[in-house]
Amino acid sequence: MTVAQALVEFLGRQYTVDSVGGPGPGGEYRERLIPGMFGIFGHGNVAGVGQALKQWQVADPSLMPYYQGRNEQAQVHQAVGYARHTRRRQTFAVSTSIGPGSSNLLTGAALATANRLPALLLPSDTFATRAADPVLQQLEQPHGYDITVNDAFRPLSKYFDRVNRPEQLFSALLHGLRVLTDPAETGAVTIALPQDVQAEVFDVPEEFLAEREWRIRRPEPEAEDIARAAEAIRDAKRPVIVAGGGVLYAFAQDALREFAEATGIPVGWTQAGVGVLPWDHAQALGAIGSTGTTASNALAREADLVIGIGTRYEDFTTASRTAFQNPGVRFLNINVAAIDAYKHGTSLPIVADARKALVQLTTALGGYRVGADLETVVATEKTRWDATVDAAFAERFSPLVSQNAIIGAVNRAMDPRDVVICAAGSLPGDLHKMWRVRDPFGYHVEYAFSCMGYEIPGGLGVKRAALDATSRASAGGSADEREASRDVVVMVGDGSYLMMHTELVTAVAEGIKLIVVLIQNHGYASIGALSESLGSQRFGTKYRTLDREQHTFDDGDKLPIDLATNAESLGVTVHRIEPGPEAIADLEAAVAKAKAAPEGSGPIVIHIESDPLIDAPSSESWWDVPVSGASELESTKQAFAAYTEHKSSQRPLLG
């Protein structure tokens, strides 16, 4: 076989096995680890991986289905979206040519690793033999001639290898998939494939091509750690839980709910943790930190014990280390990854599976419950925030509506099991605060890397996962029956849309019904508001014509951009919401109409204009973005004074 043929056949016979999250006895799960491969072909991979995929397409199309894409970075985003929705148990492989085809993957690799989500990247490389040297698109460095473009993946990947000889393929793939399926180490796995090696013939042991299972590790907590944690919780007067994505990846949402209900400890969640509890659960405080609710942040401010479960404590979660102000605050961290379990100097780390740790903690705390005064505070703060969101959702403006009202309309129009997708701009923060989640799979915001352009390809990956799960469920396979009939709704601003909207063509080609709510605000709303708060007066954040005399884009006419027509030109069905007093009602009706469209009918874009100057409700929190210490602008001087005041409340959080 050629190296590429062995690669494709090997990947087609790898399976993920898990003890939870499946329909079998005890929740056993077994599915293909790599259900398909994306690829854009060039001289680096067309005769290697491309030939192997074509050969299997003829012999057995089910072994490794090939999917087209329009941008290599977007293909990684699709793989990541798919991986997130399958709870890190499946992902796609991505094949590229050399040079720019490979370097286009770099942002996707960083995003996958930052989010702790698996993606298998197979960038082609220059000739291992150097027979044709330098080859087209080869990077030459006089200080290191063995350096190629693909070496840039080393700091962005959780595992990197280069197959310079055919025999190296065996160890490269086995080590790579070990990392890909490790919940503590997963991220981008990059295996560089020199273009000549891909086509080289060698003998492949049959056992290498046999089916292989990769079991997801779910480590038990140590008894001593559980005992110490239970003691710390019993001693606490104001405990609060910070729930992250690790709760969902461990399928620990039910265990968390039972723990919270038994103890009365309130729960705030990170961006990745939205969905651990329904929004209206008695112990649910909602989002926490810089984009959090006033309820979460009020409880966090007084907390003497922070129980972090499956969170990596991003600066938005800790409000840049200003969220927790109790002088005696301690941190009890439960995480499958030691790097996260030990954060903030905690003396109470539990390196274990979140579900198993919560089950044991609930038993160890039998009979314990927080004081009635804390429960009263939780109920009061929840009521206050719910009223704030109700008012924001009820906003009506003419001719343009607020983003708050748009979010409320989309939230109301979606079914509980539908999924909202977002990534960058002002929308993630506003969604984090206000989205009323009702299902563990109902919220998907990429915020570890906050990558503009992720939304549409990431949403397409989520939709693929939902469709595949529905197909397996209807066939009596291994998918959870609850996966049936999920609509996926992408919410995206014009700035992110213009970064990477081309995967709409992919959805058109495959007839995938992806619903996109496109909010036109003629610029970068999020960074514009941040710029204004930092004294930089929304510099460079508006889509305006250039004033050549002052060389500014801040004051010219709005650009005559028609993104609705742009989407139509790609073959997409478009619903235009006209500005005016009926805009919100029309938006709800448009979402309902899009949901009613049959699967297979292709993508739908709903276009609506908003007023970017209307802010979301305040989180009563802060995020550390440095302000110039010296300035001739009065606005910057005022911002620096406010910045200095906030900096005084930052804490090292050694607990």
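Reader: Which residues in H1 meet Leu169, Leu173, Leu174 and Leu177 in H6?
Author: The model is predicted: local features need pLDDT of at least 70, side-chain atom pairs count only at pLDDT 80 or more, and totals for chains, interfaces and linings use all residues. Residues are numbered from 1 along each chain as its sequence is written, and side-chain values use heavy atoms, with hydrogens and water left out. Helices (H or I, at least four residues) and strands (E, at least two) are DSSP runs numbered from the N terminus, and contact means heavy atoms within 4.5 Å. On the H1 side, the residues that meet these leucines are Val3, Ala6, Leu7, Phe10 and Leu11.

Reader: How many nonpolar residues does the contact of H1 with H6 have?
Author: Ala, Val, Leu, Ile, Met, Phe, Trp, Tyr, Cys and Pro count as nonpolar, Asp, Glu, Lys and Arg as charged, and the others, Gly among them, as polar. The contact has no polar and no charged residues, and its nonpolar count is nine.

Reader: Is H1 roughly parallel to H6 or roughly antiparallel?
Author: Axes are lines fitted to C-alpha atoms, for helices over the stretch in contact, and angles run from 0 to 180 degrees between N-to-C directions. Helix H1 (residues 3-11) and helix H6 (residues 168-180) pack at about 30°, with axes 11 Å apart. Angles under 35 degrees count as roughly parallel, over 145 as roughly antiparallel, 65 to 115 as roughly perpendicular and the rest as oblique. The H1 and H6 pair is therefore roughly parallel.

Reader: How are H1 and H2 oriented to each other?
Author: The axes of H1 and helix H2 (residues 49-59) come within 8 Å and cross at roughly 55°. The two helices are therefore oblique.

Reader: How many charged residues does the contact of H1 with H2 have?
Author: Ala4, Gln5, Leu7, Val8 and Glu9 in H1 meet Val49, Gln51, Ala52, Leu53, Gln55 and Trp56 in H2. By class, this contact has seven nonpolar and three polar residues, and the charged count is one.

Reader: Which residue stands opposite Tyr66 in E4?
Author: Strand E3 (residues 37-39) pairs with E4 in the parallel sense over two bridges. The residue opposite Tyr66 is Met37.

Conventions: Two strands pair if DSSP finds at least two bridges between them.
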